[in-house]
Amino acid sequence: MTSTTPAVEAKNLFKVFGRNASAAVERLKSGASRSDVAAKGNTAAVIDASFTVNPGEIFVIMGLSGSGKSTIIRMLNGLLEPTAGDVTVQGHSIGSASSSELRAIRQRSISMVFQHFALLPHRTVIDNAAYALEIQGVGKDERRARAMEILEKVGLGDRAEAMPDELSGGMRQRVGLARALTAGTDILLMDEAFSALDPLIRREMQEQLVELQQELGRTIIFITHDLNEAMFLGDRIAVMRDGRIVQNGTPEEILTDPANDYVAQFVQDVDRARVLTASSVMEAPAAMVPVSAGVRGALKVMRDLQSGSVLVTDGRRLIGAVTDRAVVRAVKNGNTDLRSIVRGSAAVVGPDEPLADVIERSVESPVPIAVVDESGRLLGTIPRVVLLAALGNVEPTTTEIPVIDVPMTVPVAEISETLAAVGGAADPVDTATEGGV
Ligand SMILES: Nc1ncnc2c1ncn2[C@@H]1O[C@H](COP(=O)(O)OP(=O)(O)O)[C@@H](O)[C@H]1O
Ligand SMILES: [Mg+2]
């Protein structure tokens, strides 16, 4: 297997329950609806589902109860045979695998975590966690050592010798997760694994899963009916409705560009602050000036845009911001060196930061939020109004009027006076703002 081989690939999968299922698939293929086949006594649980899961990603399948999620996941590990279509796991077709090959794939490649922990009640935590290795014939010392390592990671190192009924629901689910991780398979299937947990514990488990995923680099296919959970966990999300995948995309794509009204309605209530990132809402910075333009350039931009602050760049790197007040004060004190009065901006965020974190910075900072890449290059800004509009899912009207975050705090007349003092005549015609990136 090469690194470009998909972890899992589903190709035109159908699962129809009931008699003459194959005939029902043919009817579906030639345009019959789910209710058409239901009229003949068949349940079309999964209809023409295709998707590719890349190694190392968290792929979420989301949909309401009955939409076909569990049926899909059971076809992925061969528990259910597709009525039509095929599944490949790390390049191996499940459809053409013999039963011993299938067993081998399940042992080596795919393990599953269920909603109801399915722990063995008469075994200790560590023996539950080591169970898959025991099945694989790994010796006692080694399997316990490997299970212990994973138990430490999920925060159960000190409960290794406890029995399942001595644990809380959240802890038991951690044992379930530890058991799947200890199995050492590359791919983890999780069917509503956190749905039975209390909200706070559930949130903790989600965060821990993301951390573990980053540390261990497994591929996770996670099923949920909870959109916020899907958005938090998913690198990509397949949205299901009535057996079909109606959209497959990143959380941001699904939120900002829903494929149809159904998805749009579904995402209406999502916690946008946790899903949207800085780069998805940033705009080309209006109030910016190269440091070489000097105090005069900065003043002109602020006057022309009626902005109380301006970002200062050196080449394409952001070096900070100045406020109108600071510039006027400096000039009065005889200092016209722009570089010396630039303040590092507190409101610098990376392109991938969630808006929830951006809001925090924005509260702390009087100047606009600057989005900057790893090398310090200015990518854009997020005016506060744009931030609020994005969270409220309304259009900010920023196309006609440049939205300036911080209104002027110094009267325009005083800015013009200061401009004159540094050798800039009142030349409103020359309003080059050096805007754009
Ligand atoms: N073994 C089965 N026999 C008949 N119908 C089934 C079977 N398993 C699931 N279904 C039906 O298939 C549809 C999809 O079910 P399921 O995949 O469990 O949905 P989800 O996991 O999204 O809640 C439902 O209508 C369900 O009743
Ligand atoms: Mg289900």
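This presentation describes a predicted model of one protein chain with a ligand, from its overall form to a few individual residues.

Residues are numbered from 1 along each chain as its sequence is written, while chains are lettered from A and ligands numbered from 1 in the order in which they are written. Since the model is predicted, local features need pLDDT of at least 70 and side-chain atom pairs count only at pLDDT 80 or more, whereas totals for chains, interfaces and linings use all residues.

I turn to the chain as a whole. Its secondary structure comes to 20 helices and 16 strands; helices (H or I, at least four residues) and strands (E, at least two) are DSSP runs, numbered from the N terminus. The C-alpha trace spans about 85 × 55 × 40 Å along its principal axes.

How much of the chain is buried? Of the 437 residues, 42% count as buried. Here a residue is buried if 20 or more other C-beta atoms lie within 10 Å of its own, exposed if 12 or fewer, and partly exposed in between, with C-beta atoms placed from the backbone. As for contacts between residues at least 6 apart in sequence, 66% join residues at least 24 apart. Two residues are in contact if their C-beta atoms, placed from the backbone, lie within 7 Å.

Next, the ligand. The residues around ligand 1 include Phe17, Thr43, Ala45, Lys69, Ser70 and Thr71; a residue is near a molecule or strand if its C-beta atom, placed from the backbone, lies within 6 Å of it. Two or more residues of this shell come from each of β2 (43-53) and α3 (69-76). Helix α3 gives the most, with 3 residues. By class, the shell has 2 nonpolar, 8 polar and 1 charged residues. In this scheme Ala, Val, Leu, Ile, Met, Phe, Trp, Tyr, Cys and Pro count as nonpolar, Asp, Glu, Lys and Arg as charged, and the others, Gly among them, as polar.

Aspartate 48, in strand β2, has a phi near 50°, a positive value in a residue other than glycine. Asparagine 12, in strand β1 (residues 8-17), likewise has a positive phi, near 45°. Aspartate 48 counts as partly exposed because it has 17 C-beta neighbours inside 10 Å, and asparagine 12 counts as partly exposed because it has 14.

Let us now consider an open sheet of 3 strands, in the order β14-β15-β16, with mixed pairing. Its edge strands are β14 (348-349) and β16 (378-382), each pairing on one side only. Two strands pair if DSSP finds at least two bridges between them. Strands of a sheet pair through backbone hydrogen bonds, either parallel or antiparallel. In which sense does β14 pair with β15? The pairing is parallel, over 2 bridges, and valine 349 has valine 371 as its bridge partner in β15. Strand β15 (residues 369-372) and β16 pair in the antiparallel sense over 4 bridges. Within that pairing, valine 371 has glycine 380 as its partner, and alanine 370 stands opposite threonine 381. The hairpin of β15 and β16 has 5 residues between the strands, and its glycine 376 takes a positive phi near 85°.

In a regular strand the side chains alternate between the two faces of the sheet. In β15, Ile369 and Val371 point one way and Ala370 and Val372 the other, and all are buried.

Finally, leucine 318 belongs to strand β13 (residues 317-323). Why does leucine 318 count as buried? The reason is that 25 other C-beta atoms lie within 10 Å. Beyond its neighbours within four places in sequence, leucine 318 is in contact with residues including Ala370, Val372, Gly376 and Leu378. From leucine 318 to valine 371 there are 53 residues in sequence and 9.3 Å in space, C-alpha to C-alpha.

For residues 282-338, an unreviewed UniProt entry lists "domain: CBS"; UniProt positions are given in the numbering used here, feature names are shortened, and annotations may be inferred rather than shown by experiment. Over that range the chain is 39% helix and 28% strand, and the end C-alpha atoms are 26 Å apart.
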